[in-house]
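Let's take a walk through this structure together, one piece at a time. Keep the 3D view open and turn it as you read.

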Amino acid sequence: MDMNEIKEIFFQECEEQLAELESGLLKLNDGDRDPETVNAVFRAVHSIKGGAGAFGLDDLVAFAHVFETTLDCVRSGKLEPGQDVLKVMLKSADVLADLVSSSRDGGSVDESRTRGLVKELEALAHGELPSASGHDAPKPAAKPAAAAAPAPKAETPKPTDDSGFQPIPFTFDGFGQEEEPVIEGSTYEVVFKPRRELYSKGNEAALLLRDLSRVGEMSIACDTDALPDLDKMDPEESYFSWKISVKTTKSEDDIRIVFEFAEWDCDLEVKFADEASSDEEQPMRPVPFDLSILDDAPSAEDDDKQAEHGADQTVAEAVSAAETATSVAKAAGAAARAAERKESAAAAAAAAQNNAAAAAASAGQTIRVDLDRVDRLINLVGELVINQAMLSQSVIENDATGTSSINMGLEELQQLTREIQDSVMAIRAQPVKPVFQRMSRIVREVADMVGKQIRLVTEGENTEVDKTVIDKLAEPLTHMIRNAVDHGIESPEKREAAGKNPEGTIKLTAKHRSGRILIELQDDGAGINRERVRQKAIDNDIIAADANLSDDEIDNLIFMAGFSTADKISDISGRGVGMDVVKRSIQALGGRISISSRPGFGSTFTMSLPLTLAVLDGMVVTVAGQTLVVPLTAIVETLQPEASAIHSFGASQRLISIRNSFCPLVDVGRVLNYRSTQANPVEGVALLVESEGGGQRALMVDAIQGQRQVVIKSLEANYTHVPGIAAATILGDGRVALILDVDAVVAASRGQSLRPEMSLAATG
Amino acid sequence: MSYAVKNLAQGSRELIAFRIGDQEFCVNIMSVREIRGWTPATPMPHAPPYVMGIINLRGAVLPIVDLSARLGMQEAEPTARHVIIVAQVKSRIVGLLVEAVSDILTITEENIQPVPEISSDLEKQYARGILAIDKRMICMIELDALFPEKESEAA
């Protein structure tokens, strides 16, 4: 592994740390005061700094150091993380991210911005609150920082500058703790002479001695008399022995236990001694015990160092992998406590859950795998599923009774394949959190640019969805967020005039709904100005001047190509490549987007996306001689219509009555142009489906073949998007079947009486 | 690709010739991935008439184009004797239904005659030259021109 690869790993870790940092800061911003959150933030910056130092990324180190210093003030309680402070910190996190990416990819960083922030951070560290408004944070921060940092260890040269943290020169004195209390115990004399076998079995004298130091206060002397001249020395021989005097309240057995595993490979003498005899037996001067140099495990050192430094603070910051469990418990405890305080029960629980999840994530072992390898595996498993289905089919054809052992084995194989498939899919499932976090930065930056005050609230960021979906989600979401900030939320003055909170809120929610992920983007802005949208659509020849459109239809006009209502084209959005692009990229993902808006109260964009782009549970049906797959998630129920339940409605519409309610009947064969005349409903089967736009429809198909899981194959790769068809799949007999896009079919059927071409093109 | 470059350097190139009705056509061999027998295709809704449907090509979905219909001639009625030329057209892979593959031709630039001035736009669009080999007339066609990305999007 060469340096570049290691560096690449560092940058990957940086990204994780940055995400951690930002989520921590946002939690603080929401009023979370759990020390563990502050610690997580601190650790993130600290790790970036440490790594950057190792690679000589000086700019990064310099900025991270200032940032870390200020964070340490927050951590030690000297600086109250109020809104103003956090604003600076969030900006700093952005700059840190920029510095990381510029270190990775080259390119430049806005230096004046960096310098400005360094100044602001330093000011904060010195107890000055941001000049903008210094009234809301109480001021224990005014105390000089150094005074507040207690130095609990007397004998250690304390590496503390006035910022409270200066980690480079370091002396390990983690064992000092045991020295402090006066031990009223007895003294034991221990002579420890390892034999050659001890070393050859991988034991290490130093580690044994360190363990011994935990038993009690000890002084140690090394006997080097046996050491021959260099030319006579056998490097594998053991020459040293140690005389140790241990003052402890514990018994001789406790001392012997330390050497338990080395007992047979060393000469060990342990005897009780009073003060006098101990002097007598130690001709050599005992050296004060300091084993710091023996400890070369950097991570443990690192954590201990932090614990050491902030010994007056919570224990949690000494968190190392082994202690993560405690921190999970702590987080849970915090949640329980917070839950008692009713006002913030939900938020705290969510925060604790995040903490717990984060802690669990760091505790569980993870590996980094190249995405291509996962994709290859997924493709192969996809083929395996197809192959298994083909095999089942041919066995069933040859063995009608279905009792042979082949059949039994096959059933087991089917279960196994399914499990393999689920597991492989789970590898790719990831929480939407990273994308949501990116959005908060965009909101901050764009809001700053247009001079608006906007808060982004995210919900359900742990909702998991396939990696491919996540990757493709960022771009349309960014666009929509920019739009919401730029056009959706009004300026603070206008908001106040309208009697609203001058600070606008954008809410980003993710949740699972019937096998899809639903992402909602809600702003509390002005809502859609329907008059203007309508006028604009007329001006741009999108609709006729006398078109009679419902409110809903007007709202959805913003998804038409070449539509932009911003009066002046701004930097941020409004280049005329607006929502139509968003809509197209969502559709390319197999998703749908819709908008609902209430004038004066804001707009809500709802996106519904598939959880995975790879498999789907479907009902296999026959329509006009063709085999189609209907996604099972869309189907509410299936029924065999009776002639008496079918009612003609108008010229061409038919309704079916289901439990006294009437539901439009959609002939799938007609919508897809498989046949030119409407089929007789009584001869077929009706699938009652629920579509995204709400409302039920009965889809007429000729027959149901069965139910099965199918692997989704893209049509777009070699062909093109087909209205009404979501994708294709390969059936057990090796033939291709089309997967029905239920919502598009429903929308088409709904639009047919109105304007078939447009709705097909727009919703397909 | 180096193979094609090498051949071009020597002034010759290889083409696959195939038959549709009573006419012969050829395409650059480098764009042909494989040749396979006809299997029934799953028809596509809302497809232009020359798209016969899609088939399963070892796990991938392959659209089948009736080349005869695409070239403005009679629609094919595929039989087991028809073949599908699997060809790379830009970033996509397309199956071309033809009656039979007749030849692999190695030609030099001198063999290629220019397309005569004709009134039909369709032929002008895809024809890149005419070869006279053994008293046969073989029309060299350019697949990229036949399936521009835009066209299939419009489909």
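Before looking at how helices pack, you need to know how their angles are worked out: axes are lines fitted to C-alpha atoms, for helices over the stretch in contact, and angles run from 0 to 180 degrees between N-to-C directions. Helices themselves (H or I, at least four residues) and strands (E, at least two) are DSSP runs, numbered from the N terminus. What you see is a predicted model, in which local features need pLDDT of at least 70 and side-chain atom pairs count only at pLDDT 80 or more, while totals for chains, interfaces and linings use all residues. Residues are numbered from 1 along each chain as its sequence is written, with chains lettered from A and ligands numbered from 1 in the order in which they are written.

Let's begin with chain A. It holds 25 helices and 23 strands. Of its 764 residues, 34% are buried, where buried means that 20 or more other C-beta atoms, placed from the backbone, lie within 10 Å of the residue's own. Two residues are in contact if their C-beta atoms, placed from the backbone, lie within 7 Å. Take the contacts in chain A between residues at least 6 apart in sequence: 67% of them join residues at least 24 apart.

Now find helix α1 (residues 3-29) of chain A and helix α4 (residues 83-105) of chain A. Their axes are 10 Å apart, and the two pack at an angle of about 170°. That makes α1(A) and α4(A) roughly antiparallel to each other, a label given to angles over 145 degrees. Among the residues that meet here are A:Phe11, A:Leu18 and A:Leu25 from α1(A), and A:Leu86, A:Leu90 and A:Val100 from α4(A). By class, this contact has 13 nonpolar, 1 polar and 2 charged residues. Here Ala, Val, Leu, Ile, Met, Phe, Trp, Tyr, Cys and Pro count as nonpolar, Asp, Glu, Lys and Arg as charged, and the others, Gly among them, as polar.

The contact includes A:Val374, A:Leu384 and A:Gln388 in α15(A), along with A:Leu410, A:Thr417 and A:Arg428 in α16(A). It divides into 14 nonpolar, 6 polar and 1 charged residues.

Next, a sheet. In chain A, 5 strands line up in the order β7-β9-β10-β12-β11, forming an open sheet with mixed pairing; two strands pair if DSSP finds at least two bridges between them. β7 (454-459) and β11 (592-598) of chain A are the edge strands, each pairing on one side only. From one strand to the next, the twist averages 15°. β7(A) and β9 (residues 504-513) of chain A run parallel, joined by 6 bridges, and A:Leu456 stands opposite A:Ile506 in β9(A). Helix α17 (residues 433-450) of chain A packs on this sheet, touching β7 and β9 of chain A, and its direction makes about 170° with that of β7(A). Helix α18 (residues 467-488) of chain A packs on the sheet as well, touching β7, β9, β10 (516-523) and β12 (602-610) of chain A.

Look next at strand β13 (residues 615-623) of chain A. With β21 (residues 703-711) of chain A, it pairs in the antiparallel sense over 8 bridges, and A:Gln709 is the bridge partner of A:Asp617. β13(A) is also joined to β14 (residues 626-631) of chain A by 6 bridges, again antiparallel. In the hairpin of β13(A) and β14(A), 2 residues lie between the strands, and A:Ala624 takes a positive phi near 50°.

Finally, turn to chain B. It has 5 helices and 11 strands, and buried residues make up 30% of its 155 residues. Its open sheet of 6 strands has the order β8-β1-β2-β11-β10-β9, with mixed pairing. β8 (100-108) and β9 (112-113) of chain B each have a single partner strand, so one side of each is left without a neighbour in the sheet. How do the two chains meet? The contact takes 19 residues from chain B and 23 residues from chain A. On the chain B side, β5(B) gives the most, with 4 residues.

Key. Buried ≥ 20, exposed ≤ 12 C-beta atoms within 10 Å, placed from the backbone. Parallel < 35°, antiparallel > 145°, perpendicular 65-115°, else oblique.
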